[in-house]
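Colleague: I would like to go through the labels attached to this structure and hear what each one rests on. Please show it first.

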Amino acid sequence: MYAITIAEPGGPEALVWAEVPDPEAGPGELLIEVAASAVNRADLLQRQGKYPPPEGASPYPGLECSGVVAAVGDGVTGFSVGDRVCALLAGGGYAELVAVPAGQVLPVPRGIDPVEAAALPEVACTVWSTVVMAGRLTRGETLLVHGGGSGIGTFAIQLGKALGATVATTASAGKHEALRALGADQVIDYRAEDFEKVVRPDVILDIMGASYLARNVAALAPDGRLTMIGMQGGRKAELDLSALLAKRGSLITTALRSRPAAQKAEIVRQVREHVWPLVESGAVRPVVDRTVPMRDAAEAHRVVESSTHLGKVLLLAG
């Protein structure tokens, strides 16, 4: 098969389309013939040598895919060769074939294009596990989503609305109209407005880390939960504990890729039970900015690094 390899850490040019050995479906695994994968920020970090794959994971980038089951490993039930599926991966999505634990595989939702389904697993599992499982968002609360134009952001806006929350988001001005169309009640231009002065969220989904820490704490409503999944704004910051204590606030950090397989399987189970019906009803949909041939992954990485896209950038295999 062919896959995107990383010749050595560096810029997008480090991504090389090369022939590599075929993976096999081990016990408890499915082998998927990949139709599409998607570019996530973690892939950019892996390319730069800053986010190595977990032990035992594929060395190739790609944290999600859609495709067709090509082989079923020993002990797997509920899936057959030929099934259209999408999957949460620890790596290996930038390839023509990938092996994945069966507990991380989902059927393509009814009514969703099999290629566009590649835009769903990582964002659905990340947002559900962070905002709902960890952040305990409930109907009637306010959710603040930073980076509303990203794949995570566009999904979180829709899911928050579908769950009955009021949703605020930060984004550049050019994306505001599209985010309102997705359901955002309040859209804040992070370049021109101080979000902490105009919204009091019960739950914050943060991708920025250090640069937003103090402002996030200032914004929180009493008993608010700040959930942090990224560090685009830096790794180290000073935290005023008295400000957090005064609000009885919680700071929750979480990551998906490094979780044990059993935890990922439980998240996937909950996503299938609670999120897939919302996708199939049209309340939540994949937002795809563009598709790029997988062999041209470098181009897709440049687009994501520029932050000019809205939603997900997909890589088409074949």
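Colleague: In which strand is Lys312 found?

Modeller: This is a predicted model, and in it Lys312 belongs to strand β15, residues 312-316.

Colleague: What makes Lys312 count as buried?

Modeller: Its relative accessibility is 4%. Buried means under 20%, so Lys312 counts as buried.

Colleague: Which residues is Lys312 in contact with, leaving aside neighbours within four places in sequence?

Modeller: Contact means heavy atoms within 4.5 Å. By that cut-off Lys312 is in contact with Ala38, Val39, Asn40, Glu64, Ala119, Val123, Gly151, Val287, Val288, Asp289 and Arg290.

Colleague: What does Lys312 line?

Modeller: Lys312 is one of the residues lining the largest cavity, and the others include Ala119, Val123, Gly151 and Val287. About 50 Å³ of space lies in that cavity.

Colleague: How is the lining of the largest cavity divided by class, and which element gives the largest share?

Modeller: There are 6 nonpolar, 4 polar and 2 charged residues. Helix α3 gives the largest share, 4 residues.

Colleague: What lines the second largest cavity?

Modeller: Trp17, Pro293, Met294, Arg295, Leu316, Ala317 and Gly318 do. About 30 Å³ of space lies there, and by class the lining has 5 nonpolar, 1 polar and 1 charged residues.

Colleague: Which residues touch the most other members of the largest nonpolar core?

Modeller: Val127, Phe155, Val271, Val275 and Trp276 do, in a core of 41 residues. Among the elements that each supply at least two residues of this core are α2, α3 and α8. Not counting residues up to four places away in sequence, Val127 touches Val132, Ile152, Phe155, Ala156, Leu159 and Leu205.

Colleague: Which residues does the second core include?

Modeller: Val39, Ala87, Val105 and Met294 are included in that separate core of 29 residues. In soluble globular proteins, nonpolar side chains tend to be buried together.

Methods. Residues numbered from 1 in each chain as written. Predicted model: local features only at pLDDT ≥ 70, side-chain atom pairs only at ≥ 80, totals over all residues. Heavy atoms only, no water. Buried < 20%, exposed > 50% of the residue type's maximum accessible area, 1.4 Å probe, protein only. Core = buried A, V, L, I, M, F, W, Y, C linked by side-chain atoms within 4.5 Å. 1 Å grid on protein atoms, 1.4 Å probe; cavity = no way out; pocket = protein on both sides within 12 Å on 5 of 7 lines; lining within 4 Å. Points joined across faces, edges and corners; volume = space filled by probe spheres on them. Nonpolar A, V, L, I, M, F, W, Y, C, P; charged D, E, K, R; others polar.
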